[in-house]
Amino acid sequence: TKRDQDASYDESKATKISLSGSSAKASGSGAEVSGSTVTITKAGTYILSGSSENVQIIVKVKKKDKVQLVLNGVRMTGTDAAIVVENADKTFITLAKGSKNTISDSAHHKNTKYDAAIYSKDDLIFNGSGSLTVEGNYGNAIESNDDLRISGGTYTIKGYKNALSANDAINIKAATMNLTATYDAIHADNDKDTSLGNFYIHSGKITIHAGDDGIHASNTALIDGGTIKVEKSEEALEGKTVTINGGDLDLTANDDGINAADGSSSSKKNPGQATAGVSLTITGGKIKINAQGDGLDSNGDLTLSGGEVYVDGPTNGGNGALDYDGNGTITGGTVVMVGSNGMAMGFGSNSKQASILTNVSGNAGAKVTISDSSGKEILSYTAAKNFQSVLASSAAIKDGKSYTITVNGQSTTATASLTTQNANGMSGGRK
């Protein structure tokens, strides 16, 4: 909302909270200090500054009240969560212009219920143009039981478990983020309401190092823009429905690059059988994937209608650069996928744009060139890994026409088709 993105505040009307060692002082109304605990009891704006150890800020206002915490040069360390929202409509954490802020907890929480360095039971919104470093050494770095929204600012976030975690939704716009996590870097998951557990990025720059998923959504993962680089993950991007409309994605995964799957306990995937409600849709953007498992994997339908997709798929025959259990359709865009040929797949009969699927081998660093019958180059791609098959499609590739695929001077001829997938994996379009 507009309010979520509004980082302005009136300093003359705000309550000031000054942190110093194991204590704090409040100047203004709405903040009650008791030992090392500061409790926010009224709606309003509170400006925090200074350095503290084991000081805890607790937001506890009426259910319809909104609180704005302005971080203006804050350094908070402690055993437990530094900021806790126990009750509020929304809590805004604004990073003051030019400010540098650091928040961290320990690996030994006394209050294990609040298992993050910044923890909220209600909607939590970050905005502003300053910087924030958060280190969650016990569990998650930043956690919301409802929505977590980030608009603006520069963030360096490290989570012992997840870097960002929310039950309902995680929304990101115009933020620069460096995320490191032992589990998921971005984790939106709701096991009680299947319409929740959503992720959305509008814009921004996100760099990810994850021990498990780079981005995980139990329901919808939607990307409209931004620059996302997953440098390390098991699966780079996962959701029940994954939709990419724009952006620049560079995804590295030990398993699947992009995986559309229903991970709920009520939906157990039968191998080869499509899962209802699961889909992977790409309408735009530029996507580059380096995956040891499947490059694009949907346990339901898979649809490509635009954008650019480049996949360096698996070198083992048990996975493929492309994998889907429902309908696999291409109607537009540019695709080059290289990988092993053991499980190689192409696109299905509902496609309106032709493609080529052929067995052709090359080593890492080999250039794959596709030319038409006149010798004109249509597509080219330099492989990052060894490969045994090539799947390619673009608006320039026409159904029924013959094309030459050249790798390191060795050429293979193939006929393009609207259907490059049959029950046996490879199409009959090869020559």
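**Notes on the predicted model**

1. The largest nonpolar core comprises 90 residues, and Ile40, Leu164 and Ile172 are those with the most contacts inside it. Strand E7 (residues 66-77) gives the most to this core, contributing five residues. A second, separate core holds 22 residues, among them Val360, Ile370, Leu379 and Tyr403. These descriptions, like those below, rest on a predicted model.

2. With neighbours within four places in sequence left aside, Leu164 is in contact with Ile142, Leu148, Ile150, Ile157, Ile170, Ile172, Met177, Leu179, Ala185, Ile186 and His187. Of these partners, Ile172 is also named with Leu164 among the residues that have the most contacts inside the largest nonpolar core. As general background, nonpolar side chains in soluble globular proteins tend to be buried together.

3. Parallel pairing may be followed through strand E18. Strand E15 (residues 147-151) pairs with strand E18 (residues 169-173) in the parallel sense, over five bridges. In this pairing Ser151 stands opposite Lys173 of E18. E18 is also joined to strand E21 (residues 198-201) by four bridges, and these two strands run parallel. Here Ala169 stands opposite Asn198 of E21.

4. An antiparallel arrangement should be noted separately. Four strands, in the order E40-E39-E42-E43, form an open sheet with antiparallel pairing. Its edge strands are E40 (377-382) and E43 (410-415), each of which pairs on one side only. From one strand to the next, the twist averages 20 degrees.

5. Strand E39 (residues 367-371) and strand E42 (residues 402-407) are antiparallel and share four bridges. Thr404 in E42 is the bridge partner of Ser371.

6. Is Ser233 buried or exposed? Ser233 is found in the loop between strand E25 (227-232) and strand E26 (237-239). Its relative accessibility is 1%, and because buried means under 20%, Ser233 counts as buried.

7. Residues up to four places away in sequence not being counted, Ser233 touches Ala210, Asp212, Gly214, Thr252, Ala253 and Asn254. Ser355, by comparison, is 122 residues from Ser233 along the chain, and the C-alpha atoms of the two are separated by 30 Å.

Methods: Residues numbered from 1 in each chain as written. Predicted model: local features only at pLDDT ≥ 70, side-chain atom pairs only at ≥ 80, totals over all residues. Heavy atoms only, no water. Pairing = 2+ DSSP bridges. Axes fitted to C-alpha atoms, helices over the stretch in contact; angles between N-to-C directions. Buried < 20%, exposed > 50% of the residue type's maximum accessible area, 1.4 Å probe, protein only. Contact = heavy atoms within 4.5 Å. Core = buried A, V, L, I, M, F, W, Y, C linked by side-chain atoms within 4.5 Å.
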